[in-house]
Amino acid sequence: MTVPGIENERLLERFFAQSMDGFFFMMLDEPVEWGDHVNKDQVLDYVFEHQRMTKVNSAILEQFKAATPADILGTTPAQFFAHDLTMAKVRWREFFDLGHVHTETDERRLDGTPMRVEGDYMVIYDDRGRIAGHFGIQRDITGQYLAAEQIRASREQLRALASRLQKVREEERTEIAREIHDELGQALTGLKLDISWMKNRLPRDHEAIAQCASIIERIDQTSNAVRRIATALRPSVLDHLGLAAALEWQGQEFEARTGIKVAMEVLCDGVPIPDDLGSPVFRILQESLTNVLRHAKATRVNIRLAGTPTFLELEISDDGVGCTS
């Protein structure tokens, strides 16, 4: 006949031994008081020297690369966390305060190699409410953690690359806009002056005067196009007066060109905005206004820019038809 209590104990022992997760008990040589009435730093110093690994399963041995239970039994927190005792005591203080914790920690295997551990831990109390030790279930998540870190690092690299490409594009746009405005603008101005000189020296009734006037008009139209193209590439107001002024200029230009009313609210309080942030924000506004014109059928656009030394927000809304999913 099998006694139920003995059978349950046998099943628990089998579960403990065969679990894929690491199970362990760490017990104190002597229970300790814990609470606001004790010096917690002194108690933790005692715990880290006198709490010992007393029972482990095979998964714990595998996690720590221990050949036999004897390699790990009797080990103290001071030995487990010799690589970072200060942080370990901070975590154990929180653990003892709460009585239980779920956490991820950086630990070391017996051979010194790093290991990322995810675990659930519960304080064990004696019949007087003192801390006698704790029970833990933990998993080695080093592989998953490193993979996640690689993905995070890759995303950071892609973000940095995208930022660098945007900066390069803005630099190229600035250089092209400057060359168009300066070189081509000066050339057209010089050409206009030459044609005007010729026109003024022709007889009043010369048939070429009308042709000169037509050429001068086309030069003026071309000069306007040059200025418009150069401004679209990189408005000078963005470089000279900053983002807030550039947004206001863009809003006024959009209203004059399309007839759509633009309301502007700028709440930056004179906060300097770096170019690597200002240029993308300006481009966002340009693209948004283009979409409003093409799709929204709006009669009014509201633009709001709010900024502090650590925060920048651009909000664009309109009274148009919106979009359907």
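Helices here are DSSP runs of H or I with at least four residues, and they are numbered from the N terminus. Keep that in mind as you click around, and remember that this is a predicted model.

**Stop 1: helix 6**

Select residues 142-201. That is helix 6, and Leu158 is found in it. Show the side chain of Leu158: this leucine is exposed, at a relative accessible area of 56%. Together with Leu158 they make a nonpolar patch on the surface, with about 290 Å² of accessible area between them.

Stay on helix 6 and pick Arg152 and Glu149. Their side chains meet in a salt bridge, 3.3 Å from N to O. Both residues sit in helix 6, three residues apart, which is about one turn of the helix. Arg152 is partly exposed, with a relative accessible area of 43%. Glu149 is partly exposed too, at 28% relative accessibility.

**Stop 2**

Next, select Arg139 and Asp21. These two form a salt bridge, and their closest N and O atoms are 3.5 Å apart. Arg139 belongs to strand 5 (residues 131-140), while Asp21 is in the loop between helix 1 (4-18) and strand 1 (22-32), so the pair ties together parts that are 118 residues apart in sequence. How exposed is each partner? Arg139 is partly exposed, with a relative accessible area of 21%, and Asp21 also counts as partly exposed, at 25%.

**Stop 3: from helix 2 to helix 5**

Move on to Asp41 and Arg93. Here is another salt bridge, with 2.4 Å between the closest N and O atoms. This pair links distant parts of the chain: Asp41 is in helix 2 (residues 40-50) and Arg93 in helix 5 (residues 85-98), 52 residues apart. Asp41 is partly exposed, with a relative accessible area of 46%. Arg93 is partly exposed as well, at 28%.

As a reminder, side chains of opposite charge can pair when their charged atoms come close.

**Stop 4: helix 9**

Select residues 243-258 for helix 9. This helix has 16 residues and reaches 22 Å from its first C-alpha to its last, close to the 22 Å expected at 1.5 Å a residue. Which residues of helix 9 are buried? Colour Leu243, Ala246, Leu247, Gln250, Gly251 and Phe254, and you have them. Now turn the view to look down the axis of helix 9: the buried residues fall within an arc of 135 degrees, so they line one face of the helix. Then look at the face turned away from that buried side, where helix 9 carries the exposed residues Gln252 and Ala256.

**Stop 5: the hairpin of strands 7 and 8**

Finish with residues 300-308, which are strand 7, and residues 311-318, which are strand 8; the two pair in the antiparallel sense over eight bridges. Strand 7 and strand 8 form a hairpin, with two residues between them. To see one of the pairings, pick Gly307 and find its bridge partner in strand 8, Leu312. While you have the strands in view, recall that in a regular strand the side chains alternate between the two faces of the sheet.

Terms used:
Residues are numbered from 1 along each chain as its sequence is written. This is a predicted model: local features need pLDDT of at least 70, side-chain atom pairs count only at pLDDT 80 or more; totals for chains, interfaces and linings use all residues. Side-chain values use heavy atoms; hydrogens and water are left out. Patches are made of residues with over 30% relative accessible area and no salt bridge: like charges are joined within 9 Å, nonpolar side chains (Val, Leu, Ile, Met, Phe, Trp, Tyr) within 5 Å. Accessible areas come from the Shrake-Rupley method with a 1.4 Å probe; for residues, only the protein chains shown count as cover. A salt bridge is a side-chain nitrogen of Lys or Arg within 4 Å of a carboxyl oxygen of Asp or Glu. Buried means under 20% relative accessible area, exposed over 50%, partly exposed in between (1.4 Å probe, protein chains only). Two strands pair if DSSP finds at least two bridges between them. The expected span of a helix is 1.5 Å times one less than its number of residues. The arc is that of the directions from the helix axis to the C-beta atoms.
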